Amino acid sequence: MKKKIALMIAIIVIFAVGATTVYHFRYYFFRTSSAPVKAKENRDFGIESFKSSVDKDGDGIDDQTDILEDARAYIQTSPIYKSKYYKTGYPDDHYGVCTDVVANALVNAGYDLRELVDQDIVANPGDYGIEKPDSCIDFRRVKNLKVYFKHTAVPLTTDVSKIEEWQGGDIVIFKQHIGIVSDKRNKNGVSYVIHHNDPYQKSYEEDILEKRHDIVAHYRVSE
């Protein structure tokens, strides 16, 4: 009897370890960070790439380009999808969720969302409906970013067919999700999105705008 129990425990342990290994293996070897090779660009549709007049962090790169490049730099670290609380605010252990794509892209372009969202919550508590603000997590919630960007960013169209108005480095918000607009486009000229939706998406940069019907906002951080 004891041998059977020991055997069952061993099988369970082996299965658990194997499942965990496969789970992490797919992240490092099967997930890609760039758009498919067939993706098109602005020049293919005669669209001029937008450049911001602002360089928030003074690095010689305009905000729009900076945000796009930093979003891509973040996903190249192959973050693993998992929602956790961090006393550091920003995840520091290779895990992350959709808001972390945006937060990391912006902080490296000179916009500390943790600090900025916290300040906006203090200034406009009624708009957020938060009883006890927590700067460690508030900036990592889509519902709060919807309010923050509505207060601070430049509103743009949510009509994906107006392709010239969608530019790499923009922010797109869905009902329960958020991402950075890519400078890659599909055959119709519709932009890809750099995002982190769940553990099972094939790529961090995907052609999803035409497939989703829950786009609620589209913003640009600076003009």
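This is a predicted model: local features need pLDDT of at least 70, side-chain atom pairs count only at pLDDT 80 or more; totals for chains, interfaces and linings use all residues.
Reading from the N terminus, I get the element order α-α-β-β-α-α-α-α-β-β-β-β-β-β. That makes 6 helices and 8 strands in the chain; helices are DSSP runs of H or I with at least four residues, strands are runs of E with at least two, and both are numbered from the N terminus. Residues are numbered from 1 along each chain as its sequence is written, and side-chain values use heavy atoms, with hydrogens and water left out.

**Whole chain**

I looked up burial first: 46% of the 223 residues count as buried (under 20% relative accessible area; exposed is over 50%, partly exposed in between, with a 1.4 Å probe and protein chains only). Then contacts, meaning heavy atoms within 4.5 Å. Taking those between residues at least 6 apart in sequence, 65% join residues at least 24 apart.

**α2 against α3**

Next I went to α2 (residues 63-75) and α3 (residues 98-107), which pack at about 125° with their axes 8 Å apart. The axes are lines fitted to C-alpha atoms over the stretch in contact, and the angle runs from 0 to 180 degrees between N-to-C directions. The pair is therefore oblique (under 35 degrees is roughly parallel, over 145 roughly antiparallel, 65 to 115 roughly perpendicular, the rest oblique). I noted the crossing of α2 and α3 as right-handed, that is, the near helix is turned clockwise from the far one by less than a right angle.

Who makes the contact? From α2 I listed Ile-67, Asp-70, Ala-71 and Tyr-74, and from α3 Asp-100, Val-101, Asn-104, Ala-105 and Leu-106. By class that gives 6 nonpolar, 1 polar and 2 charged residues (Ala, Val, Leu, Ile, Met, Phe, Trp, Tyr, Cys and Pro are nonpolar, Asp, Glu, Lys and Arg charged, the others, Gly among them, polar).

**Asp-170**

I found Asp-170 in the loop between β3 (154-155) and β4 (171-174). Asp-170 counts as buried because its relative accessibility is 0%. Its side chain makes a polar contact with the side chain of Gln-64 at 2.7 Å (a pair of N or O atoms within 3.5 Å; within protein, one must be able to donate a hydrogen and the other to accept it, and residues adjacent in sequence count only if both atoms are side-chain atoms). The Asp-170 side chain also reaches the backbone nitrogen of Gln-167 at 3.0 Å. Beyond four places in sequence, I have Asp-170 in contact with residues including Leu-156, Glu-165, His-218, Tyr-219 and Arg-220.

**Ser-222**

Ser-222 sits in the segment after β8 (215-220). Buried or exposed? Ser-222 is buried, at 8% relative accessible area. Its side chain makes a polar contact with the Asp-63 side chain at 3.1 Å. Not counting residues up to four places away, Ser-222 touches Phe-50, Ser-52, Val-54, Asp-63, Gln-64 and Tyr-111.

**Positive phi**

Two non-glycine entries to close. Ser-78, in the loop between α2 and β1 (80-81), has phi near 55° and counts as buried at 15%. His-94, in the loop between β1 and β2 (95-96), has phi near 80° and counts as partly exposed at 32%.
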